[in-house]
Amino acid sequence: MAGSGSFGISSAPGHYNIGGLELLCDSVKVHNVKVELQNGAEKLTMKDLLGWVRTNLIKERPEMFMKGDTVRPGVLVLVNDCDWELSGQLDTTLEEKDVVVFISTLHGG
Amino acid sequence: MESNASQILHELESLRAAKADIDRRISALEAQLQQVTLQNDAIPNGSYPPISTVGSSHLNGHDHHLTPAMIHRYSRHLLLPSFGVQAQSNLLKSSVLVVGAGGLGSPALLYLAACGVGRLGIVDHDVVELNNMHRQIIHTETFIGRPKVKSAANACRSVNSTVEIVEHHEALRTSNALEIFNKYDVIVDATDNAPSRYMISDCCVLLGKPLVSGAALGLEGQLTVYNYNGGPCYRCLFPTPPPATACQRCADSGVLGVVPGIIGCLQALEAIKIASAIGEPLSGRMLLFNALEARIRIVKIRGRSLQCEACKENATFTQQQFREFDYEKFTQSPLAPSPLKLKLLQADSRISSKEYHERVANGEAHVLVDVRPAHHFKIVSLPKSLNIPLPSLEARFPEITSALKEEEEQKSVGSGSSAQLYVICRRGNDSQRAVQCLHKMGFTSARDIVGGLESWTHDVDANFPTY
Ligand SMILES: [Zn+2]
């Protein structure tokens, strides 16, 4: 999660691309994931995706990624290269093939 | 042999003292010369009047103030249609402060001096060290052990003697930040820690100064402009500090030298754009640089936050509150990061590197476990030490058990006694965590070496490399 992460764009329908989790997920930088919708839900939200990531992708130290039901302080969430603050944060709805990247702010120099 | 060495050391010391004295005198004379040349060139000097007039104070038949020497020096700038006389004149009237003369500050300062900002300030309290040289390219070997501010100022002056270089040889604190920042138009954050970043941003908000913020670690860098033209401040983006465990430092995690170099160059560029009023500064956007993948991405970030404690409309954060704000407590990390020194173990579970050395010399049956990461172990290690990185310690207990057994057989330790178990790491923190874990798992006599390999270099073998 040290930085932008790398990610591939998949053409497969029903998939979302997630980057930036490499420090927490065995160095895998890109995850092309397929997330099933909760029954009754029409669209997947970032809240759903975070829950899914926490359950399925984060192998160790979940506190380095999340706090409560959102990301921990110091992490920027980008949905298609845009700060998720601009699209509704946890309520952001995701479309197929959307790209989500987690950026951990750096302090070094 | 030993008295010989101490004699040499003594002589070195006195020579170094004499050299430092000469250096001081040189700097003083250089400063004096600087003053004289500046007066002759009629460039305003002294202690920070606003840079209002540049070059000769009369208009020389043109509608700008550039002297012939300036026209020659900055000719390639003047030839740029999108930059030209106007932008260069703006630049010459501007003042920029760079906080930190390290990996980011090095190229930023060199370019800012070269391009001809009117006044260039440098804040730093550190000294130049050998392990800075791979990335802090403004410093030269002759300045090792001397203040970075002096070294950087010296380099900037030798690039462009017509720029007023101001040395702030002090750590930036809430007690001096407002006074220092007040004297500059643009602030460049080239520091290396979280509390400084919050402090610098808040100070810029209070004084209404644009902030060019860069960061680099490992093989990645980030860049944005805060508090500019209605854009967000650092706190708008990061209202709550990250946990201290998430703040990695170059001294622990490493950094490829050229990475902060690239970000520092981009910081100079953004500062130049703001100071000369050209182009679109990187406000409301953030540049993310990944060196390994050769990828630069520019993403859109939020605007000013209506809830921001620092910059929201009618924010109540005052200069007085700033002066009293404890940024170290707020971020749970120190302004001047110094290596952590844990004390987790009782004295009888620890041993000094000197005593360990004596025991080895006496042929004591023992096993030394080095719990540093494997890539640290590859840099340097003590003879016959067994590398078991801390995270895999528990899983590899059987290896320790069999190493102890083998040592006992080899040294034919009599029944009733057994081989000793020692643990070492880089600085003596992880080794304590490891011993705690070993104690719990039944290796009750395990002890750690106080101060780790650094103390080995310091107290036993000065030739043992540090990193
Ligand atoms: Zn703000």
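Hi everyone. When I say contact, I mean heavy atoms within 4.5 Å. By that rule, the contact between the two chains takes 27 residues from chain A and 37 residues from chain B.

A quick word on where this comes from. This is a predicted model, where local features need pLDDT of at least 70, side-chain atom pairs count only at pLDDT 80 or more, and totals for chains, interfaces and linings use all residues. Residues are numbered from 1 along each chain as its sequence is written, chains are lettered from A and ligands numbered from 1 in the order written, and side-chain values use heavy atoms, leaving out hydrogens and water.

Let's start with the interface. Chain A and chain B bury about 2700 Å² between them, 57% of it on carbon and sulfur atoms; buried area is the accessible area (1.4 Å probe) that two parts lose on being put together, summed over both. On the chain A side, A:Leu106, A:His107 and A:Gly109 supply 28% of the area that chain A buries against chain B, more than any other three residues.

What about charges? The count between chain A and chain B is three salt bridges, each a side-chain nitrogen of Lys or Arg within 4 Å of a carboxyl oxygen of Asp or Glu. In one salt bridge, the side chain of B:Arg302 meets that of A:Asp83 at 2.7 Å, N to O.

Which elements of chain A give two or more residues to the side that touches chain B? They are strand 6 (75–79), strand 7 (82–83) and strand 9 (99–104). Strands here are DSSP runs (E, at least two residues), helices likewise (H or I, at least four), numbered from the N terminus. Strand 9 of chain A has the largest share, three residues.

Now to the inside. A nonpolar core is a set of buried Ala, Val, Leu, Ile, Met, Phe, Trp, Tyr and Cys residues joined through side-chain atoms within 4.5 Å, with buried meaning under 20% relative accessible area, exposed over 50% and partly exposed in between (1.4 Å probe, protein chains only). The largest nonpolar core has 40 residues, and B:Val96, B:Leu112 and B:Val117 are among those with the most contacts inside it. Helix 11 (residues 258–276) of chain B gives the most to this core, seven residues. Apart from it lies another core of 35 residues, including A:Leu78 and B:Tyr198.

Last stop: A:Thr55, in helix 1 (residues 46–56) of chain A. Is A:Thr55 buried or exposed? A:Thr55 is exposed, with a relative accessible area of 64%. Thanks, all!
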